[in-house]
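Here's a friendly walk through a protein model for anyone meeting it for the first time. Have a look at the sequence and the 3D view, then read on.

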Amino acid sequence: MAMLRTLWRFGLTLLCSSPLASIIGEEVRFGVKIFASPRNYFAKCQGGTYLVSLPLLFAEKAAGNITCNATSSYCNAGGPYLYATGAGSAVCDGLYTLSADPSNATHQYYTKGEYTLLWEPGPREAFGLRWMIFGPEGLLYQKYTIDDLLGWRGTPTLGEWSVHLGQAPAPVVESDQPEDKLAVRSSGSSAANGLYTRVPGAGKMYARGSHFILWQPGPETLAGERWTLFSAAARTEVAARDGLATQYRTHYFRLSEDSEAGHEGTWAADWALYPPPKVSLVPTVACFRCEPGTFSTAGSKQCERCPPGFYSLGIADACTSCQPGTFANSGLGLVSEVKMPQCPDVHYASAGRGSCTLPQLGATKCTTCTPGRFSLRAAGGCDACAPGWYGGAAGASSCFTCLAGRWSGPAAFVCTLCEAGTAMLNATIAAAGGTSPFQCEQCPPGRHSSLAGSTSCGDCVPGRFAQRLGMSACVDCQPGSFQEFSGATLCGICPSSAAGPGATVCTL
């Protein structure tokens, strides 16, 4: 019996004595740290994303008694907000708005009319009205309830067990003979699972080896490291103790050291009806991903278009430069955050009063330069190869000079040969690359060029002649004529003797 009395005393004083008090935490903790709550208060958007204020549904605004433009189903979001729903005391449901209280910087208040959601910092005071599962390792699981008969049951309507020092998940406690035994199963701390037998003369205590289930009566929770939901009408004043002068009679509460997200999870009913509410953040800001063709740096409120010569595939903190031989042109149009009522709920560029056009975003890929054009790195377009140069295949990063005897106009992908009968006679032009077909000069009479792409004309050999400009071949002298010199433009007539075709002399 002495051991049982010791265990009972341990159960009643568990959270006020060493060493568990140090585990639970006795230092004063401060209110919600807005800068560290990206889901609601401030989003630290990474590069490739941008910050957007989310609209609230009109119904949510109305539930929180917040004025909204009745002509629209959405309103600009303010906040931060917490939303309570599903409470047995339905008046506690609704949208709660963060309220500044300069006189009390350590608490965090959210209000809805006369109802308040509050996080109270430490130190934590003694509390009761709960079922506990504990062992040598300390308090493993707990469930707050005013029901000392069947409150060990964890159901959505009667409140769930919550994890303290044990491992998740919380246990399932069940029994068909609750006056004699309780069964614990499915807890993350396997040592706590099993059949517990009622300890005679020890009140509501069940034992299994070194582990115990205990109903802990009052006093109820006084204050410290908890979220509470209460109304001004239920506010009561108690005697000052341990530095805490004013306390509140709560409808619902949830013990938590987490001043930022501790409202999440299972609440317990205090002086209100089961079930307790579910409390969640109402997101008012979010990080949206940048679309392909745009980019953003960390902390941006909008995405910028990729400049010419750069592209992105989306969610980019910088645009990628195009490789030589390719280009990207972002085109025109700007992304606007100003939105006319009739425009779709997307970024748009205004195209005049009363109309909307989707913006032309930056490039999402680099395009290969066509033959005859080239580009360097990060080009916004391809440049045409200059006359006298050619680009070759698609995707060129430079142009090449036409060889002697060839010419090209602008944006040429091959050079054109001077035609037979012509030649690029100017050595300077031939070395630099011809820029016009007129730089291919016709061979003068008495000369010819038989091959395309020539840089010189050859003299007609004796017995042959070229009478016109631009001859690609010399012509044999006709029978009865002759030509004994090279470079001739005509053949001489034999006076009385005969001569065969192409003759260089007359024969007797």
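First, some housekeeping. This is a predicted model, in which local features need pLDDT of at least 70 and side-chain atom pairs count only at pLDDT 80 or more, while totals for chains, interfaces and linings use all residues. Residues are numbered from 1 along each chain as its sequence is written, and side-chain values use heavy atoms, with hydrogens and water left out.

**The sheets**

A word on names: helices (H or I, at least four residues) and strands (E, at least two) are DSSP runs, numbered from the N terminus. Two strands pair if DSSP finds at least two bridges between them.

Let's start with an open sheet of 8 strands, in the order E20-E19-E16-E7-E6-E5-E4-E21, with antiparallel pairing. Its edges are E20 and E21, each of which pairs on one side only. At one end, E19 and strand E20 (residues 268-269) pair in the antiparallel sense over 2 bridges, and Tyr-252 has Ala-269 in E20 as its bridge partner. E19 also runs antiparallel to E16, with 4 bridges joining them; here Arg-226 stands opposite Leu-255 in E19. Elsewhere in the sheet, E4 and E5 pair in the antiparallel sense over 4 bridges, with Ala-84 opposite Gly-94 in E5.

Is strand E19 (residues 252-255) covered on its faces, or which of its residues are buried? Both faces are covered: Tyr-252 and Arg-254 on one side, and Phe-253 and Leu-255 on the other, are all buried. Buried means under 20% relative accessible area, exposed means over 50%, and partly exposed is in between (1.4 Å probe, protein chains only). As background, in a regular strand the side chains alternate between the two faces of the sheet.

Another open sheet has 8 strands in the order E10-E9-E8-E15-E14-E13-E12-E11, and the pairing is antiparallel. Strand E10 (162-163) and strand E11 (172-174) are its edges, each pairing on one side only. Within this sheet, strand E8 (residues 130-135) and strand E15 (residues 211-216) pair in the antiparallel sense over 5 bridges. Phe-134 has Phe-212 in E15 as its bridge partner.

**The cores**

A nonpolar core is a set of buried Ala, Val, Leu, Ile, Met, Phe, Trp, Tyr and Cys residues joined through side-chain atoms within 4.5 Å. The largest one has 18 residues, and those with the most contacts inside it are Tyr-96, Leu-117, Leu-229 and Tyr-252. Two or more residues each come from strand E4 (81-85), strand E5 (94-99), strand E7 (115-120), strand E16 (226-231) and strand E21 (278-282). E7 gives the largest share, 3 residues. There is also a second, separate core of 14 residues, which includes Tyr-141, Leu-182, Val-184 and Tyr-206.

Most residues other than glycine have a negative phi, and most peptide bonds are trans. These places go the other way:

| Feature | Angle |
|---|---|
| Ala-168 to Pro-169, cis peptide bond | omega near 5 degrees |
| Tyr-274 to Pro-275, cis peptide bond | omega about -5 degrees |
| Ile-315, positive phi | phi near 50 degrees |
| Ala-411, positive phi | phi about 60 degrees |

Where do they sit? Pro-169 lies in the loop between E10 and E11, and Pro-275 in the loop between E20 and E21. Ile-315 is in the loop between strand E25 (310-311) and strand E26 (320-321) and is partly exposed, at 45% relative accessible area. Ala-411 is in the loop between strand E35 (406-407) and strand E36 (416-417), and is partly exposed as well, at 26%.

**Two loop residues**

Ser-449 is found in the loop between strand E39 (447-448) and strand E40 (458-459). It counts as buried because its relative accessible area is 3%. A polar atom of its side chain lies 2.9 Å from the backbone oxygen of Thr-422. Beyond four places in sequence, Ser-449 touches several residues, among them Gly-421, Thr-422, Cys-443 and Ser-472.

Ala-473 is in the loop between strand E41 (464-465) and strand E42 (475-476). It counts as partly exposed because its relative accessibility is 39%. Its C-alpha atom is separated by 7.5 Å from that of Gly-421, 52 residues apart along the chain.

Terms used: A polar contact is a pair of N or O atoms within 3.5 Å; within protein, one must be able to donate a hydrogen and the other to accept it, and residues adjacent in sequence count only if both atoms are side-chain atoms. Contact means heavy atoms within 4.5 Å.
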